Amino acid sequence: METAANVPLLGLNDGRTIPQLGLGVFKVDARETARVVAQALEIGYRHVDTAQMYGNEAGVGEAVRASGLPRGDVFVTSKLNNGHHRPDDAWRAFEETLATLGFEYVDLFLIHWPRVAQAGDRYVDTWKALEELHRDGRARSIGVSNFQVAHLERLAAETGTVPAVNQIELHPTFANAEVRAHGEAHGIRTEAWSPLAKGEVLADETVVELAEAQGRTPAQIVLRWHIERGTIVFPKSANPDRLRENLALFDFELSEGEVARIDALDRGEDGRIGAHPESFG
Ligand code: NDP
């Protein structure tokens, strides 16, 4: 796969690769999604992160199919919705995803939430269903989202496949250090959701100061920080100017000191803005 705009391709533990930067489409209106994704592909994005829960897989598939790009040039992720944590349901829901996207395969399929509060340890059986989808080739890579260390340890003890990625909340004020370190130690790539803290971190004094010093925007500084730490990101924007801005990260670098100043914004659990994985789903 070739990627545009100098976006690095990162290796996954199953031998495949993923563009380090993409577009997230959570909260992109279903009626707008095909237009936004088409614009993003035109600008140079080659990676889109959607989910059954977002209700906009159809628009993603439509834009990719209409783009004229070979299917193999665009990396598309979707995620299993929370109501489908039984192997048969997971299988059926996955087939619906393929039909809705109009694809023969997805590049990456994730368990969206471990859903422990509601479904106990059912995520282990759900993962075994994903392993089968991986074996039959229709999910080229498989992974998880919102898994804590204990959930990952359980998968390692009871199943045969290490997730290729774990997609977790991660941004300067919530660095999610323990889960990220576990991934690094076990060959699981970390994907950051809400990499801009939904825009909340962009007015932070340190971020604004670094942006002025570098002649970049606050969003570019924060996204570059993720990139330099090896994290996969897919900021959401429905605005063509911001889509361009968020992709223009590969012609500057942060110094060690600048990275350290952003690292210092981590407030641990107090910095979390989304749901806690132990209780949500
Ligand atoms: P982000 O951190 O990506 O922030 C998105 C917000 O920031 C939007 O309001 C957007 O507005 C604004 N924004 C984007 N770029 C800029 C910019 N350059 N300057 C100023 N504002 C900007 O939040 P998300 O929660 O959307 O996270 C990104 C993706 O992560 C999601 O789309 C989804 O794919 C994934 N995700 C996964 C979850 C999971 O449980 N696995 C949970 C949450 C998200 P505008 O559109 O107007 O530009």
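Five aromatic pairs turn up in this structure, where rings of Phe, Tyr and Trp (its six-membered ring) pair if their centres lie within 6.5 Å. This is a predicted model, in which local features need pLDDT of at least 70, side-chain atom pairs count only at pLDDT 80 or more, and totals for chains, interfaces and linings use all residues. Residues are numbered from 1 along each chain as its sequence is written, and side-chain values use heavy atoms, with hydrogens and water left out.

**An aromatic pair to look at**

- Tyr 123 and Phe 147 have ring centres 5.3 Å apart and planes at 80°, so this pair is edge-to-face (planes over 60 degrees apart).
- Tyr 123 lies in helix H5 (residues 123–135) and Phe 147 in the loop between strand S7 (139–145) and helix H6 (149–158), so the pair ties together parts that are 24 residues apart in sequence.

**Who surrounds the ligand**

- A polar contact is a pair of N or O atoms within 3.5 Å.
- The side chain of Glu 245 has an N or O atom 3.0 Å from a ligand nitrogen.
- For the side chain of Tyr 54, an N or O atom is 3.5 Å from a nitrogen of the ligand.
- Pro 195 uses a backbone N or O atom, 3.3 Å from a ligand oxygen.

Definitions and conventions:
A polar contact is a pair of N or O atoms within 3.5 Å; within protein, one must be able to donate a hydrogen and the other to accept it, and residues adjacent in sequence count only if both atoms are side-chain atoms. Rings of Phe, Tyr and Trp (its six-membered ring) pair if their centres lie within 6.5 Å; planes under 30 degrees apart count as stacked, over 60 as edge-to-face and the rest as tilted. Helices (H or I, at least four residues) and strands (E, at least two) are DSSP runs, numbered from the N terminus.
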